[in-house]
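Student: I have a model open and want to learn how to read it. Can we go feature by feature?

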Amino acid sequence: MASSSFDTLLQKIETRTARAGIIGLGYVGLPLAMAVARSGFAVTGFDIDPGKMVALDARRSYIDAVSDEALSAEIDAARFKATTDFAGLAECDVVIICVPTPLTKHRDPDLSFVEATSRSIAAHLRPGQLVVLESTTYPGTTDDVVKVILEGTGLKSGSDFFVGFSPEREDPGNQHYHTATIPKVVAGDGAEALALMKTFYGAAVSSVVPVSSNATAEAVKLTENIFRSVNIALVNELKTVYAAMGIDVWEVIDAAKTKPFGYMPFYPGPGLGGHCIPIDPFYLTWKSREYELPTRFIELAGEINSAMPRYVVGKLAEALDIRAGKALSRSRVLVLGLAYKKNVADIRESPSLRLIEIIEERGGHADYHDPFVAEIPPTREYQALKGRKSVTLTPDTIAGYDAVLVATDHDRVDYAALAKSAALIVDTRNVFNRLGLSAEHVIKA
(Lines give C-alpha, C1' and ligand atoms only; values in the text may rest on other atoms or scores of the structure.)
Protein backbone atom coordinates (compact mmCIF):
# COMPACT_ATOMS: atom_id res chain seq x y z
CA MET A 1 0.00 0.00 0.00
CA ALA A 2 2.78 2.40 0.96
CA SER A 3 4.62 1.81 -2.29
CA SER A 4 1.42 2.17 -4.31
CA SER A 5 0.35 5.44 -2.64
CA PHE A 6 3.86 6.85 -2.85
CA ASP A 7 4.54 5.84 -6.45
CA THR A 8 1.19 7.11 -7.69
CA LEU A 9 1.52 10.47 -5.93
CA LEU A 10 5.16 10.90 -6.97
CA GLN A 11 4.22 10.30 -10.60
CA LYS A 12 1.42 12.87 -10.38
CA ILE A 13 3.80 15.45 -8.95
CA GLU A 14 6.53 14.72 -11.49
CA THR A 15 4.08 15.03 -14.40
CA ARG A 16 2.37 18.12 -12.89
CA THR A 17 -0.98 16.33 -12.92
CA ALA A 18 -1.33 16.63 -9.14
CA ARG A 19 -3.77 19.24 -7.84
CA ALA A 20 -2.54 21.36 -4.95
CA GLY A 21 -4.86 22.73 -2.31
CA ILE A 22 -3.66 25.71 -0.30
CA ILE A 23 -5.58 26.56 2.86
CA GLY A 24 -5.30 30.18 3.97
CA LEU A 25 -4.99 32.75 1.17
CA GLY A 26 -3.18 35.47 3.07
CA TYR A 27 0.33 36.89 2.90
CA VAL A 28 1.79 33.38 2.67
CA GLY A 29 -0.89 31.34 0.95
CA LEU A 30 -1.76 33.51 -2.03
CA PRO A 31 1.84 34.14 -3.21
CA LEU A 32 2.51 30.41 -2.74
CA ALA A 33 -0.58 29.54 -4.76
CA MET A 34 0.65 31.73 -7.61
CA ALA A 35 4.15 30.19 -7.53
CA VAL A 36 2.76 26.65 -7.55
CA ALA A 37 0.30 27.46 -10.34
CA ARG A 38 3.02 29.08 -12.46
CA SER A 39 5.05 25.89 -12.18
CA GLY A 40 2.27 23.99 -13.93
CA PHE A 41 0.11 22.56 -11.16
CA ALA A 42 -3.61 23.12 -10.86
CA VAL A 43 -4.27 24.91 -7.57
CA THR A 44 -7.37 25.29 -5.45
CA GLY A 45 -7.21 27.96 -2.79
CA PHE A 46 -9.31 27.60 0.35
CA ASP A 47 -10.23 30.30 2.84
CA ILE A 48 -13.03 30.91 5.32
CA ASP A 49 -13.20 34.63 4.47
CA PRO A 50 -15.93 35.27 1.88
CA GLY A 51 -14.50 38.75 1.32
CA LYS A 52 -11.37 37.20 -0.18
CA MET A 53 -13.51 35.13 -2.52
CA VAL A 54 -15.27 38.29 -3.74
CA ALA A 55 -11.90 39.91 -4.46
CA LEU A 56 -10.47 36.85 -6.18
CA ASP A 57 -13.59 36.33 -8.28
CA ALA A 58 -13.16 39.93 -9.41
CA ARG A 59 -9.51 39.12 -10.20
CA ARG A 60 -8.42 41.65 -7.62
CA SER A 61 -5.43 40.83 -5.43
CA TYR A 62 -5.37 42.05 -1.84
CA ILE A 63 -1.70 41.07 -1.37
CA ASP A 64 1.06 43.40 -2.61
CA ALA A 65 3.26 40.47 -3.66
CA VAL A 66 0.60 39.30 -6.15
CA SER A 67 -0.46 41.68 -8.91
CA ASP A 68 -3.94 41.67 -10.40
CA GLU A 69 -2.35 40.72 -13.72
CA ALA A 70 -0.53 37.71 -12.22
CA LEU A 71 -3.74 36.54 -10.56
CA SER A 72 -5.74 36.91 -13.78
CA ALA A 73 -3.12 35.00 -15.75
CA GLU A 74 -3.42 31.92 -13.54
CA ILE A 75 -7.21 32.08 -13.53
CA ASP A 76 -7.28 32.40 -17.32
CA ALA A 77 -4.94 29.43 -17.63
CA ALA A 78 -7.35 27.41 -15.44
CA ARG A 79 -4.53 26.79 -13.00
CA PHE A 80 -6.09 28.63 -10.05
CA LYS A 81 -9.50 28.77 -8.44
CA ALA A 82 -10.62 29.67 -4.94
CA THR A 83 -13.44 28.53 -2.69
CA THR A 84 -14.79 28.49 0.85
CA ASP A 85 -16.04 24.92 0.35
CA PHE A 86 -13.55 22.58 1.98
CA ALA A 87 -15.16 19.54 0.38
CA GLY A 88 -12.86 20.31 -2.54
CA LEU A 89 -9.94 19.04 -0.45
CA ALA A 90 -10.85 15.51 -1.53
CA GLU A 91 -9.78 16.43 -5.08
CA CYS A 92 -6.37 17.68 -3.97
CA ASP A 93 -3.27 15.50 -4.02
CA VAL A 94 -1.10 17.97 -2.11
CA VAL A 95 -2.70 19.99 0.71
CA ILE A 96 -0.75 22.89 2.23
CA ILE A 97 -1.73 24.62 5.47
CA CYS A 98 -0.95 28.37 5.59
CA VAL A 99 -3.03 29.59 8.52
CA PRO A 100 -2.19 31.98 11.39
CA THR A 101 -0.38 30.80 14.51
CA PRO A 102 -0.80 33.71 16.94
CA LEU A 103 -0.13 33.88 20.66
CA THR A 104 -2.68 33.99 23.45
CA LYS A 105 -2.73 36.93 25.86
CA HIS A 106 -0.40 34.89 28.06
CA ARG A 107 2.07 34.36 25.19
CA ASP A 108 1.21 30.70 24.80
CA PRO A 109 0.87 29.23 21.28
CA ASP A 110 -2.61 29.44 19.80
CA LEU A 111 -2.86 26.46 17.48
CA SER A 112 -6.63 26.68 17.11
CA PHE A 113 -6.38 27.56 13.40
CA VAL A 114 -3.95 24.71 12.69
CA GLU A 115 -6.07 22.24 14.64
CA ALA A 116 -9.35 23.31 13.01
CA THR A 117 -7.75 23.15 9.56
CA SER A 118 -6.31 19.70 10.27
CA ARG A 119 -9.77 18.49 11.26
CA SER A 120 -11.19 19.89 8.01
CA ILE A 121 -8.54 18.01 6.06
CA ALA A 122 -9.22 14.84 8.05
CA ALA A 123 -12.88 15.00 7.06
CA HIS A 124 -11.83 14.63 3.40
CA LEU A 125 -8.57 12.70 3.77
CA ARG A 126 -7.93 9.85 1.36
CA PRO A 127 -5.00 7.59 0.51
CA GLY A 128 -2.38 9.14 -1.75
CA GLN A 129 -2.31 12.67 -0.36
CA LEU A 130 0.59 14.78 0.91
CA VAL A 131 -0.33 17.18 3.73
CA VAL A 132 2.12 20.01 4.44
CA LEU A 133 2.21 22.53 7.26
CA GLU A 134 3.83 25.89 6.47
CA SER A 135 2.57 27.88 9.46
CA THR A 136 5.33 28.81 11.90
CA THR A 137 5.16 26.84 15.12
CA TYR A 138 7.16 25.00 17.79
CA PRO A 139 9.15 21.83 17.03
CA GLY A 140 6.85 18.84 17.17
CA THR A 141 3.63 20.44 15.93
CA THR A 142 3.51 18.69 12.56
CA ASP A 143 4.04 15.22 14.01
CA ASP A 144 2.29 15.64 17.36
CA VAL A 145 -0.71 17.72 16.31
CA VAL A 146 -1.36 17.63 12.56
CA LYS A 147 -0.34 14.01 12.01
CA VAL A 148 -2.21 12.80 15.09
CA ILE A 149 -5.45 14.50 13.99
CA LEU A 150 -5.11 13.05 10.49
CA GLU A 151 -4.37 9.55 11.78
CA GLY A 152 -7.56 9.78 13.82
CA THR A 153 -9.28 8.82 10.56
CA GLY A 154 -7.68 5.38 10.68
CA LEU A 155 -5.35 6.15 7.79
CA LYS A 156 -1.62 6.03 8.56
CA SER A 157 1.12 8.52 7.78
CA GLY A 158 3.87 7.03 5.65
CA SER A 159 1.64 4.37 4.17
CA ASP A 160 -1.78 5.80 3.28
CA PHE A 161 -0.90 9.49 3.26
CA PHE A 162 2.24 11.58 3.83
CA VAL A 163 3.04 14.53 6.08
CA GLY A 164 5.67 17.23 5.74
CA PHE A 165 6.70 20.66 6.99
CA SER A 166 8.17 23.55 5.02
CA PRO A 167 8.48 26.92 6.80
CA GLU A 168 7.24 29.96 4.95
CA ARG A 169 9.83 32.64 4.28
CA GLU A 170 7.73 35.50 2.95
CA ASP A 171 9.06 39.04 3.36
CA PRO A 172 6.38 41.58 2.40
CA GLY A 173 7.77 44.46 0.37
CA ASN A 174 11.04 42.72 -0.52
CA GLN A 175 11.87 43.71 -4.10
CA HIS A 176 14.76 41.27 -4.48
CA TYR A 177 13.25 37.94 -3.44
CA HIS A 178 9.84 36.36 -3.91
CA THR A 179 8.29 32.99 -3.18
CA ALA A 180 9.80 31.14 -6.13
CA THR A 181 13.35 32.48 -5.65
CA ILE A 182 13.72 31.98 -1.89
CA PRO A 183 15.35 28.63 -1.00
CA LYS A 184 12.74 26.33 0.58
CA VAL A 185 13.53 24.20 3.62
CA VAL A 186 11.62 20.90 3.41
CA ALA A 187 11.14 17.90 5.66
CA GLY A 188 8.86 14.90 5.88
CA ASP A 189 7.63 12.15 8.14
CA GLY A 190 9.85 9.45 6.69
CA ALA A 191 11.97 9.06 3.57
CA GLU A 192 9.07 8.81 1.15
CA ALA A 193 7.38 11.92 2.53
CA LEU A 194 10.66 13.81 2.20
CA ALA A 195 11.06 12.62 -1.40
CA LEU A 196 7.58 13.92 -2.21
CA MET A 197 8.35 17.23 -0.52
CA LYS A 198 11.57 17.65 -2.49
CA THR A 199 9.89 16.84 -5.79
CA PHE A 200 6.84 19.04 -5.25
CA TYR A 201 8.61 22.14 -3.94
CA GLY A 202 11.51 21.60 -6.30
CA ALA A 203 9.07 22.11 -9.16
CA ALA A 204 7.83 25.42 -7.77
CA VAL A 205 10.89 27.15 -6.27
CA SER A 206 14.49 27.70 -7.34
CA SER A 207 16.06 25.43 -4.73
CA VAL A 208 15.10 23.19 -1.84
CA VAL A 209 17.02 22.51 1.36
CA PRO A 210 16.08 19.11 2.80
CA VAL A 211 16.51 18.47 6.52
CA SER A 212 16.21 15.30 8.55
CA SER A 213 12.87 15.77 10.31
CA ASN A 214 9.79 17.93 10.55
CA ALA A 215 10.91 19.09 14.00
CA THR A 216 14.25 20.23 12.55
CA ALA A 217 12.49 22.23 9.84
CA GLU A 218 10.22 23.79 12.45
CA ALA A 219 13.31 24.73 14.47
CA VAL A 220 14.93 26.31 11.40
CA LYS A 221 12.13 28.84 11.08
CA LEU A 222 12.21 29.69 14.77
CA THR A 223 15.99 30.09 14.67
CA GLU A 224 15.78 32.55 11.76
CA ASN A 225 13.29 34.74 13.59
CA ILE A 226 14.93 34.45 17.01
CA PHE A 227 18.19 35.59 15.41
CA ARG A 228 16.51 38.74 14.16
CA SER A 229 14.58 39.36 17.38
CA VAL A 230 17.69 39.11 19.56
CA ASN A 231 19.81 41.33 17.31
CA ILE A 232 17.10 43.97 17.01
CA ALA A 233 16.72 43.90 20.80
CA LEU A 234 20.46 44.42 21.11
CA VAL A 235 20.49 47.56 18.98
CA ASN A 236 17.31 48.82 20.67
CA GLU A 237 19.05 48.51 24.01
CA LEU A 238 22.20 50.12 22.65
CA LYS A 239 20.05 52.97 21.37
CA THR A 240 18.82 53.78 24.88
CA VAL A 241 22.31 53.51 26.38
CA TYR A 242 24.06 55.53 23.69
CA ALA A 243 21.31 58.17 23.77
CA ALA A 244 22.01 58.71 27.45
CA MET A 245 25.68 59.20 26.54
CA GLY A 246 24.88 61.63 23.74
CA ILE A 247 25.96 59.14 21.06
CA ASP A 248 23.96 58.55 17.87
CA VAL A 249 23.36 54.79 17.54
CA TRP A 250 22.68 55.09 13.78
CA GLU A 251 26.06 56.70 13.24
CA VAL A 252 27.66 53.92 15.26
CA ILE A 253 25.95 51.23 13.19
CA ASP A 254 26.84 52.89 9.88
CA ALA A 255 30.48 52.96 10.88
CA ALA A 256 30.47 49.43 12.31
CA LYS A 257 28.99 47.92 9.15
CA THR A 258 32.06 48.98 7.16
CA LYS A 259 33.85 46.07 8.80
CA PRO A 260 33.90 43.39 6.07
CA PHE A 261 33.70 40.44 8.46
CA GLY A 262 32.21 39.50 11.81
CA TYR A 263 29.44 42.09 11.82
CA MET A 264 25.93 42.33 10.37
CA PRO A 265 23.93 45.57 10.70
CA PHE A 266 20.57 45.63 12.46
CA TYR A 267 18.68 48.82 13.15
CA PRO A 268 16.60 50.07 16.08
CA GLY A 269 12.99 51.13 15.79
CA PRO A 270 9.79 51.88 17.70
CA GLY A 271 9.12 48.20 18.40
CA LEU A 272 8.67 44.97 16.50
CA GLY A 273 5.91 44.21 14.03
CA GLY A 274 4.90 41.66 11.45
CA HIS A 275 3.63 38.12 11.62
CA CYS A 276 6.91 36.48 12.68
CA ILE A 277 9.46 38.24 14.86
CA PRO A 278 7.18 39.50 17.66
CA ILE A 279 5.49 36.09 17.96
CA ASP A 280 7.57 33.14 16.81
CA PRO A 281 10.35 33.22 19.45
CA PHE A 282 7.78 32.66 22.17
CA TYR A 283 6.76 29.37 20.55
CA LEU A 284 10.18 28.01 21.49
CA THR A 285 10.00 29.64 24.92
CA TRP A 286 6.71 27.82 25.55
CA LYS A 287 7.99 24.48 24.25
CA SER A 288 11.21 24.70 26.30
CA ARG A 289 9.19 24.55 29.53
CA GLU A 290 8.44 20.92 28.71
CA TYR A 291 12.17 20.25 29.07
CA GLU A 292 12.58 22.46 32.16
CA LEU A 293 15.03 24.65 30.26
CA PRO A 294 15.03 28.45 30.45
CA THR A 295 15.17 30.67 27.37
CA ARG A 296 16.52 33.78 29.06
CA PHE A 297 18.04 35.30 25.93
CA ILE A 298 14.80 35.01 23.96
CA GLU A 299 12.61 36.32 26.76
CA LEU A 300 14.92 39.25 27.48
CA ALA A 301 14.91 40.20 23.80
CA GLY A 302 11.13 40.08 23.85
CA GLU A 303 10.99 42.32 26.90
CA ILE A 304 13.35 44.89 25.37
CA ASN A 305 11.50 45.00 22.05
CA SER A 306 8.08 45.13 23.73
CA ALA A 307 9.24 48.11 25.83
CA MET A 308 10.24 50.20 22.81
CA PRO A 309 6.84 51.84 22.12
CA ARG A 310 6.66 53.14 25.70
CA TYR A 311 10.28 54.33 25.47
CA VAL A 312 9.51 56.19 22.24
CA VAL A 313 6.44 57.87 23.72
CA GLY A 314 8.60 58.89 26.68
CA LYS A 315 11.04 60.56 24.27
CA LEU A 316 8.11 62.22 22.52
CA ALA A 317 6.78 63.59 25.82
CA GLU A 318 10.26 64.82 26.75
CA ALA A 319 10.69 66.57 23.39
CA LEU A 320 7.29 68.24 23.67
CA ASP A 321 8.13 69.45 27.16
CA ILE A 322 11.59 70.77 26.34
CA ARG A 323 11.04 72.03 22.78
CA ALA A 324 7.44 73.19 22.92
CA GLY A 325 6.79 73.68 26.60
CA LYS A 326 3.72 71.51 26.31
CA ALA A 327 2.58 68.37 28.09
CA LEU A 328 1.79 65.27 26.04
CA SER A 329 -1.64 65.23 27.70
CA ARG A 330 -2.47 68.52 25.94
CA SER A 331 -0.85 67.69 22.62
CA ARG A 332 -2.00 66.55 19.20
CA VAL A 333 0.35 64.02 17.62
CA LEU A 334 0.45 62.69 14.08
CA VAL A 335 1.89 59.17 13.86
CA LEU A 336 3.53 58.76 10.46
CA GLY A 337 3.20 55.18 9.25
CA LEU A 338 0.78 52.54 10.50
CA ALA A 339 2.29 49.52 8.73
CA TYR A 340 4.99 47.61 10.60
CA LYS A 341 7.56 48.14 7.83
CA LYS A 342 8.11 50.56 4.97
CA ASN A 343 6.31 50.39 1.63
CA VAL A 344 3.76 47.72 2.61
CA ALA A 345 0.18 47.77 3.89
CA ASP A 346 0.75 45.06 6.50
CA ILE A 347 -0.21 46.23 10.02
CA ARG A 348 0.06 42.87 11.81
CA GLU A 349 1.56 43.43 15.27
CA SER A 350 2.53 46.94 14.19
CA PRO A 351 4.09 49.02 16.99
CA SER A 352 2.28 52.05 15.56
CA LEU A 353 -0.98 50.75 16.99
CA ARG A 354 0.60 50.50 20.42
CA LEU A 355 2.11 53.99 20.04
CA ILE A 356 -1.32 55.47 19.36
CA GLU A 357 -2.75 53.60 22.33
CA ILE A 358 -0.04 54.78 24.74
CA ILE A 359 -0.26 58.40 23.57
CA GLU A 360 -3.99 58.41 24.22
CA GLU A 361 -3.61 56.55 27.54
CA ARG A 362 -1.45 59.50 28.58
CA GLY A 363 -4.13 61.99 27.60
CA GLY A 364 -2.84 63.05 24.20
CA HIS A 365 -4.67 62.89 20.89
CA ALA A 366 -3.19 60.78 18.09
CA ASP A 367 -4.01 60.58 14.39
CA TYR A 368 -2.05 58.73 11.72
CA HIS A 369 -1.01 59.04 8.11
CA ASP A 370 -0.11 56.03 5.98
CA PRO A 371 -0.17 56.05 2.17
CA PHE A 372 -0.77 52.28 2.18
CA VAL A 373 -3.41 52.01 4.92
CA ALA A 374 -6.47 54.19 4.35
CA GLU A 375 -8.37 52.88 7.37
CA ILE A 376 -7.54 50.82 10.45
CA PRO A 377 -9.14 47.39 9.98
CA PRO A 378 -10.42 45.21 12.83
CA THR A 379 -7.61 43.80 14.99
CA ARG A 380 -7.68 41.43 17.93
CA GLU A 381 -5.73 43.69 20.28
CA TYR A 382 -6.77 47.21 19.23
CA GLN A 383 -10.49 47.06 18.62
CA ALA A 384 -11.00 50.65 19.80
CA LEU A 385 -8.91 51.91 16.87
CA LYS A 386 -11.02 50.20 14.21
CA GLY A 387 -12.29 52.55 11.52
CA ARG A 388 -9.89 55.43 12.07
CA LYS A 389 -8.82 56.92 8.76
CA SER A 390 -5.48 58.13 7.48
CA VAL A 391 -5.04 61.89 7.61
CA THR A 392 -4.13 63.61 4.35
CA LEU A 393 -0.78 65.37 4.51
CA THR A 394 -0.96 69.07 3.66
CA PRO A 395 1.12 71.93 5.06
CA ASP A 396 -1.87 73.19 7.05
CA THR A 397 -2.72 69.73 8.37
CA ILE A 398 0.85 69.06 9.48
CA ALA A 399 1.12 72.47 11.14
CA GLY A 400 -1.98 71.66 13.17
CA TYR A 401 -0.13 69.00 15.17
CA ASP A 402 2.20 69.66 18.06
CA ALA A 403 4.47 66.83 16.92
CA VAL A 404 4.91 64.29 14.15
CA LEU A 405 6.11 60.87 15.31
CA VAL A 406 7.79 58.92 12.49
CA ALA A 407 7.09 55.24 13.13
CA THR A 408 7.40 53.87 9.58
CA ASP A 409 9.60 55.46 6.92
CA HIS A 410 7.52 54.87 3.78
CA ASP A 411 9.09 56.17 0.58
CA ARG A 412 5.79 57.73 -0.53
CA VAL A 413 6.16 60.62 1.90
CA ASP A 414 7.55 64.06 1.06
CA TYR A 415 9.90 64.36 4.03
CA ALA A 416 11.27 67.73 2.91
CA ALA A 417 7.76 69.21 2.92
CA LEU A 418 7.08 67.52 6.25
CA ALA A 419 10.20 69.06 7.75
CA LYS A 420 9.12 72.54 6.59
CA SER A 421 5.60 72.34 8.04
CA ALA A 422 6.02 70.35 11.26
CA ALA A 423 6.71 72.16 14.52
CA LEU A 424 8.44 69.11 16.02
CA ILE A 425 9.43 65.73 14.56
CA VAL A 426 10.39 62.66 16.57
CA ASP A 427 12.10 60.24 14.18
CA THR A 428 12.40 56.57 15.18
CA ARG A 429 13.79 55.49 11.79
CA ASN A 430 16.57 58.01 11.18
CA VAL A 431 14.93 58.84 7.86
CA PHE A 432 15.54 62.60 8.03
CA ASN A 433 19.25 62.16 8.62
CA ARG A 434 19.47 59.58 5.81
CA LEU A 435 17.86 62.07 3.42
CA GLY A 436 20.07 64.95 4.52
CA LEU A 437 17.17 66.71 6.23
CA SER A 438 18.55 66.92 9.74
CA ALA A 439 17.29 69.99 11.60
CA GLU A 440 17.01 71.42 15.08
CA HIS A 441 13.36 70.41 15.39
CA VAL A 442 14.00 66.79 14.32
CA ILE A 443 14.68 64.57 17.35
CA LYS A 444 15.81 60.96 17.09
CA ALA A 445 14.18 58.37 19.32
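**Strands, salt bridges and a cavity**

Tutor: Start with the strands: β5 and β6 run parallel, joined by 4 bridges. Two strands pair if DSSP finds at least two bridges between them. Helices (H or I, at least four residues) and strands (E, at least two) are DSSP runs, numbered from the N terminus. This is a predicted model: local features need pLDDT of at least 70, side-chain atom pairs count only at pLDDT 80 or more, and totals for chains, interfaces and linings use all residues. Residues are numbered from 1 along each chain as its sequence is written, and side-chain values use heavy atoms, with hydrogens and water left out.

Student: Which residue in β6 is the bridge partner of Val132?

Tutor: Gly164 is the bridge partner of Val132. The chain gets from β5 to β6 through helix α6 (residues 141-151), in a right-handed β-α-β crossover. Right-handed means this: with the strands pointing away from the viewer, the path from the first strand over the helix to the second runs clockwise.

Student: Which strand is joined to β5 by 4 bridges and spans residues 94-97?

Tutor: That is β4, and β4 and β5 run parallel. Ile97 stands opposite Leu133 in β5. Here the chain crosses from β4 through helix α5 (residues 112-122) to β5, and this β-α-β crossover is right-handed too.

Student: Which way do the side chains of strand β5 point?

Tutor: In a regular strand the side chains alternate between the two faces of the sheet. In β5 (residues 130-133), Leu130 and Val132 point one way, Val131 and Leu133 the other. All four are buried. Buried means under 20% relative accessible area, exposed over 50%, partly exposed in between (1.4 Å probe, protein chains only).

Student: Now the charges. How many salt bridges does the structure hold?

Tutor: Side chains of opposite charge can pair when their charged atoms come close. The cut-off for a salt bridge is a side-chain nitrogen of Lys or Arg within 4 Å of a carboxyl oxygen of Asp or Glu. The structure holds 28. One of them pairs Asp76 with Arg59, the closest N and O atoms being 2.3 Å apart. Asp76 sits in helix α4 (residues 68-76), Arg59 in the loop between α3 (50-57) and α4, 17 residues apart. Asp76 is exposed at 55%; Arg59 is partly exposed at 31%.

Student: Where do the partners Lys341 and Asp171 lie in the chain?

Tutor: Their side chains meet in a salt bridge, 2.7 Å from N to O. Lys341 is in the loop between β9 (332-336) and α12 (351-361), Asp171 in the loop between β6 (162-165) and β7 (184-188), 170 residues apart. Lys341 has 21% relative accessibility, Asp171 has 33%, and both count as partly exposed.

Student: Which residues are linked in a network of salt bridges?

Tutor: Arg310, Arg354, Glu357 and Glu361.

Student: Last feature. How many cavities of 30 Å³ or more does a search of the whole structure find?

Tutor: On a 1 Å grid over the protein atoms alone, a cavity is a set of points where a 1.4 Å probe fits but cannot get out; lining residues have an atom within 4 Å of a point. The search finds 1. About 80 Å³ of space lies in the largest cavity. Its lining residues include Val28, Glu134, Arg169 and Lys184.

Note on methods
On a 1 Å grid over the protein atoms alone, a cavity is a set of points where a 1.4 Å probe fits but cannot get out, and a pocket is an open set with protein on both sides within 12 Å along at least five of seven lines; lining residues have an atom within 4 Å of a point. Grid points are joined across faces, edges and corners, and a volume is the space filled by probe spheres set on the points.
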